[in-house]
Amino acid sequence: MNKAHELLTSFKARFGTGASVYRAPGRVNLIGEHTDYNEGFVLPAAIGFSCWVGIAPRGDRKLIVYSENFGEAQETTWDALGSRGSGHWSDYPLGVAWALQEAGYRLRGADIYIAGDVPLGAGLSSSAAIEVSTGYALLSAAGDAMDRTKLALLCQRAENEYVGARVGIMDQFVSCHGRAGHALLIDCGSLEYRAIRLPAKLSLVICNTMVKHKLQAGDYNVRRAECEEAVRKLSAAMPTIRSLRDVNLEQLAQNRSLLSETLYRRCRHIISENERVRRVAELFEQGKTEGLREVMAASHQSMRGDYEISCRELDTMVEIAERQRGVYGARMTGGGFGGCTINFVDVEHAAEFQRRVSAEYESAIGLHPDIYLCEASQGAELVETTADNLPKVTR
Ligand code: GLA
């Protein structure tokens, strides 16, 4: 039985009715880390891990949300949502309901069943997957329309304000717009994007260090605040800049005296990382892999030294990966402080890579890593319905 049918069966057992099932994927970022909230460039791909949401409208204003993963239900109403979460898993779906209401949507009550297989705390955007699938489901159940970029922005608002993590737009955006076989080059300043076909010989291999990261822990928000402070300081010499997107490496060097050593290094990461994103996008567009390895290594080095978001386990995983046959590049991916690495591996060598990295990492760190061979997948979609509520979210 596939996941959607399984979910419909569980939904019926719990709520006694038919439902519609929506899916939204997690993501892996190929390159461009922490550049999104600096209005820069990112190159993520949606992946095969997803969150599924079964939904049926109710006659009253109740929202009953059940999580299969947590084995727990949460009940509230549209009128009792509040404007802040409480650190509970339900903050993600209820935060999206709150953001929809704030945006002026007056939706119906709903029974909601959530199940996901995006590893939690691994930096593969389980949060965006649950937000986008819930938002898509709530709108569709009410017969409402919304374009995908607006849905992504609304989910980001839920995470920023209701959950309290000041994340950028990348994860929600790619969960909405992902395209099978492609990465998305997103300009996070204008939100223009382009789907870029991934070279067929490359397998996307994600290695989970099994060290959990927690964005709410504060380090992420600290990095973001540092970038904002740097922009304020640089503005003294460059009054027209709005974000680090508007600064190049030469200008940064010229104005170094305005910044502390730490802020200087934070800026150097963001500005150089934007260049690396464009370089990798260019290579993929030309179907080339020459030089990819060096760009990925430079990205990891920059996150490790300048942005200081790596950790011993991530560094070890990258070092081990770089020694393997058929590797076109490796770096940590996502918010950092734990989580996963992304590796471009020749399809022919992917299985061998998986075996060897697993054994070498375990003997170096003492943890057995999960290693996933992934494909770039499609963004949010209606998967199955036994109810008569049709989706109206548009491309
Ligand atoms: C997290 C955030 C994203 C992005 C990455 C780092 O995944 O949700 O917005 O900032 O970290 O690139």
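This is a predicted model: local features need pLDDT of at least 70, side-chain atom pairs count only at pLDDT 80 or more; totals for chains, interfaces and linings use all residues.
**Exercise 1. Is Ser-133 buried or exposed?** Then do likewise for Glu-102.

*Solution.* 

Step 1: You'll find Ser-133 in helix α3, residues 126-141.

Step 2: Apply the cut-off. Buried means under 20% relative accessible area. Ser-133 has 0%, so Ser-133 is buried.

Step 3: See what surrounds the residue. Leaving out residues up to four places away in sequence, Ser-133 touches Tyr-22, Arg-23, Ala-24, Cys-51 and Val-53. Its side chain also reaches the backbone oxygen of Ile-130 at 3.2 Å.

Step 4: Now Glu-102, which belongs to helix α2 (residues 91-102). With a relative accessible area of 46%, Glu-102 is partly exposed, because that class lies between buried (under 20%) and exposed (over 50%).

Step 5: From Glu-102 to Gly-366 is 47 Å, C-alpha to C-alpha, and the two are 264 residues apart in sequence.

**Exercise 2. What is the order of the four strands in the open sheet with antiparallel pairing?** Find its edges and what packs on it.

*Solution.* 

Step 1: Read off the order. The open sheet runs β10-β11-β9-β12, with antiparallel pairing.

Step 2: Pick out the edges. β10 (327-333) and β12 (370-374) each have a single partner strand, so one side of each is left without a neighbour in the sheet.

Step 3: On average, neighbouring strands are turned by 20° against each other, direction ignored.

Step 4: Take one pairing apart. β9 (residues 202-208) and β12 run antiparallel and are joined by five bridges. Here Val-205 stands opposite Leu-373.

Step 5: Bring in the helix. α9 (residues 292-305) packs on this sheet, where α9 touches β9, β10 and β11 (340-346). The direction of α9 makes about 20° with that of β10.

**Exercise 3. Which residues come nearest to the ligand, of the 13 around it?** List the polar distances and say how much of the ligand is covered.

*Solution.* 

Step 1: Name the nearest residues. They are Glu-33, His-34, Asp-36, Asp-171 and Tyr-220.

Step 2: Collect distances from polar side-chain atoms to a ligand oxygen:

- Tyr-220: 2.6 Å
- Glu-33: 2.7 Å
- Arg-27: 2.8 Å, from an N or O atom of its side chain

Step 3: Work out the cover. On its own the ligand has 300 Å² of accessible area, and the protein covers 98% of that.

Terms used. Residues are numbered from 1 along each chain as its sequence is written. Side-chain values use heavy atoms; hydrogens and water are left out. Two strands pair if DSSP finds at least two bridges between them. Helices (H or I, at least four residues) and strands (E, at least two) are DSSP runs, numbered from the N terminus. Axes are lines fitted to C-alpha atoms, for helices over the stretch in contact, and angles run from 0 to 180 degrees between N-to-C directions. Contact means heavy atoms within 4.5 Å. A residue is near a molecule or strand if one of its heavy atoms lies within 4 Å of it. A polar contact is a pair of N or O atoms within 3.5 Å; within protein, one must be able to donate a hydrogen and the other to accept it, and residues adjacent in sequence count only if both atoms are side-chain atoms. Accessible areas come from the Shrake-Rupley method with a 1.4 Å probe; for residues, only the protein chains shown count as cover. Buried means under 20% relative accessible area, exposed over 50%, partly exposed in between (1.4 Å probe, protein chains only).
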